[in-house]
Amino acid sequence: MATNFPQNPIGPKLEPAQVILAPIVTEKSTHQSQHRGAYPFRVNQWASKEQIRAAVEELFNVRVSKVRTQNRKGKVKRDRRRREAKLASWKKAIVTLHPDSPAIEFY
């Protein structure tokens, strides 16, 4: 546990493993990681850009140059009986690594 991990003044206190929930592995994300050094992650909705940067640097031992975030709206889905249900909204972060930083290996 890092003692100087940044915290938001609002919301719960988060540890680095609570900030980064999962990597997003798709064809587009694989292309971005190989050609641009950008890795997308599903992150906690309370996490700030500073917390995401610190968590990625601590968990994967890399240098982060830029963090972009998106709040993704939950979709409305229907089942066979045409009942509607809304999926949960979530937050996505695209982390760009410094050019001299090593690559992140998910597998």
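Predicted model: local features only at pLDDT ≥ 70, side-chain atom pairs only at ≥ 80, totals over all residues.

Q: What's the phi of Arg82 like?
A: Phi of Arg82 is near 65°, a positive value in a residue other than glycine.

Q: And is Arg82 buried or exposed?
A: Exposed: Arg82 has 71% relative accessibility, and the cut-off for exposed is over 50%.

Q: Which residue does Glu84 form a salt bridge with?
A: With Arg78, and the closest N and O atoms of the two are 3.3 Å apart. Glu84 counts as exposed at 56% relative accessibility, and Arg78 is exposed too, at 61%.

Q: What does Asp79 pair with in a salt bridge?
A: Asp79 pairs with Arg83, with 2.8 Å between the closest N and O atoms. Here Asp79 is partly exposed, at 33% relative accessibility, and Arg83 is partly exposed as well, at 48%.

Q: How many salt bridges turn up in the whole structure?
A: A search of the whole structure gives 3. One of them joins the side chains of Arg63 and Asp100, at 3.3 Å from N to O. That pair links distant parts of the chain, 37 residues apart: Arg63 sits in the loop between α3 and β3, and Asp100 in the segment after β6.

Q: How accessible are Arg63 and Asp100?
A: Arg63 is partly exposed at 44% relative accessibility, while Asp100 is exposed at 55%.

Q: OK, new topic. In what order do the strands of the open sheet come?
A: The order is β1-β2-β6-β3, so 4 strands with antiparallel pairing. The edge strands, each pairing on one side only, are β1 (20-23) and β3 (64-72). On average, neighbouring strands are turned by 30° against each other, ignoring direction.

Q: Which helix packs on that sheet?
A: Helix α3, residues 49-60, which touches β1, β2, β3 and β6. The direction of α3 makes about 120° with that of β3.

Q: How far does α3 reach, end to end?
A: From its first C-alpha to its last, α3 spans 16 Å over 12 residues, close to the 16 Å expected at 1.5 Å a residue.

Q: Which residues of α3 are buried?
A: Gln51, Ile52, Ala55 and Val56. They cover an arc of only 130° around the axis, which puts them on the same side of α3.

Q: What do those buried residues pack against?
A: They pack against α1 (16-19), β1, β2, β3 and β6.

Q: And what happens just after α3?
A: There you get Asn61, with a positive phi of about 55° although it is not a glycine. Asn61 is found in the loop between α3 and β3, and it is exposed, with a relative accessible area of 62%.

Q: Back to the sheet: how many bridges are there between β2 and β6?
A: There are 6, pairing residues 38-43 of β2 with residues 90-97 of β6 in the antiparallel sense. Pro40 stands opposite Ile94 in β6, and Val43 has Lys91 of β6 as its bridge partner.

Q: What about β1 and β2, how many bridges join those?
A: 3 bridges, with the two strands running antiparallel. Pro23 stands opposite Phe41 in β2.

Q: Last one: how many residues of β2 are buried?
A: 5 of the 6, so β2 is largely enclosed by the rest of the structure.

Key
Residues numbered from 1 in each chain as written. Heavy atoms only, no water. Pairing = 2+ DSSP bridges. Axes fitted to C-alpha atoms, helices over the stretch in contact; angles between N-to-C directions. Contact = heavy atoms within 4.5 Å. Expected span 1.5 Å × (residues − 1). Buried < 20%, exposed > 50% of the residue type's maximum accessible area, 1.4 Å probe, protein only. Arc of directions from axis to C-beta. Salt bridge = Lys/Arg side-chain N within 4 Å of Asp/Glu carboxyl O.
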